[in-house]
Amino acid sequence: MTGLTAPPALDARALRRGLQKTYAKIALFPDRIHHIHHGKMLAEQLGYTTAELAGVPEAALSSFCGAARPFALGAASAGDTVLDIGCGSGTDLLIAARQVGPTGRAIGVDFCEEMAKTAEEAARVAKLNTVEIRRGEATALPADDESVDVVIANGVINHLCPDKHAALAEAYRVLRPGGRLLLADMAVGIAMPPEVRAIVDLWTT
Amino acid sequence: MAELTETMRQVGFVDVCTGIPVDVLAGAKGEPPARQFEPVGIAVAARKGASGGER
């Protein structure tokens, strides 16, 4: 989705409900065919390494949704606190948890309860007790100011957030000075007109 | 993506850089209608200035 703020005609509440429903279905029924490409094959196509995916439980990987590989331009360091905006089923979050090690923290934020529960279960299976999942929104992150070393997000800010400026401002707020933002997202070569972007189904299916 | 990276700079991020585009649609059920907008997946990295206000 291009366009940095929501078009006036977009029903934000309907969009939120639609996104929650779409991602809940993927979390609950990952083996079904969905409109959105997902799963291990997608992760491999996007360039995730075998070593990265080896540490991710099947429950998380089968529901993985993403637009690219956020670690293509950097990684978290040992001891870092990482926050994953829209962590979904937890693939990127668990990869980050292994990067930061036992002295770091990996905090996932998602507004889809089914995806959040999948991520929690995946962290338990992976025995990563530095992982914490919080329910929340990209534009109102449940994290203190300047409390995070690295913010990651995959297929969330440019692709799904109607107000990208607000989401980026929140990422900036929670990052410590010198902290890094590692995004992976979808971009379009041909801009969508506002009347097209205002169609909720286009964002959710 | 230029629009997003420009907004990142407006928010205060520095050292904004982008990675190599990848095909994000291959095999997706929603590929045919989406393909007309030429979507790609891309990594973007940036940093919050050391002072917190560096632009």
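Modeller: Let's start with a helix pair: Tyr23(A), Ala24(A), Ala27(A) and Leu28(A) in α1(A) meet Glu114(A), Met115(A) and Thr118(A) in α6(A). Residues are in contact if their C-beta atoms, placed from the backbone, lie within 7 Å. Helices (H or I, at least four residues) and strands (E, at least two) are DSSP runs, numbered from the N terminus. This is a predicted model, where local features need pLDDT of at least 70 and side-chain atom pairs count only at pLDDT 80 or more, while totals for chains, interfaces and linings use all residues. Residues are numbered from 1 along each chain as its sequence is written, and chains are lettered from A and ligands numbered from 1 in the order in which they are written.

Biologist: At what angle do the axes of α1(A) and α6(A) cross?

Modeller: Axes are lines fitted to C-alpha atoms, for helices over the stretch in contact, and angles run from 0 to 180 degrees between N-to-C directions. Here α1 (residues 12-28) and α6 (residues 113-125) of chain A cross at roughly 35°, with their axes coming within 7 Å.

Biologist: On to the sheet. What is the order of its strands?

Modeller: Strands of a sheet pair through backbone hydrogen bonds, either parallel or antiparallel. We call two strands paired if DSSP finds at least two bridges between them. In this model, seven strands form an open sheet with mixed pairing, in the order β3(A)-β2(A)-β1(A)-β4(A)-β5(A)-β2(B)-β1(B). At the edges sit β3 (131-135) of chain A and β1 of chain B, each pairing on one side only. From one strand to the next, the twist averages 20°.

Biologist: How many bridges join β5(A) to β2(B)?

Modeller: Nine, and the two strands run antiparallel. One spot to look at is Val188(A), which stands opposite Pro39(B). With β4 (residues 148-154) of chain A, β5(A) instead pairs in the parallel sense, over six bridges; there, Asn154(A) has Ala184(A) as its bridge partner.

Biologist: And the chain contact: how many residues of chain B touch chain A?

Modeller: 34 residues of chain B are in contact with 40 of chain A. Among the elements of chain B on that side, β2(B) gives the most, with 10 residues.

Biologist: Last one: which residues have the most contacts inside the largest nonpolar core?

Modeller: A nonpolar core is a set of buried Ala, Val, Leu, Ile, Met, Phe, Trp, Tyr and Cys residues joined through C-beta atoms within 7 Å. Buried means that 20 or more other C-beta atoms lie within 10 Å of a residue's own. The largest such core has 75 residues, and Val82(A), Leu94(A) and Val151(A) have the most contacts inside it. β5(A) gives the most to this core, with seven residues.

Notes:
Two residues are in contact if their C-beta atoms, placed from the backbone, lie within 7 Å. A residue is buried if 20 or more other C-beta atoms lie within 10 Å of its own, exposed if 12 or fewer, and partly exposed in between; C-beta atoms are placed from the backbone.
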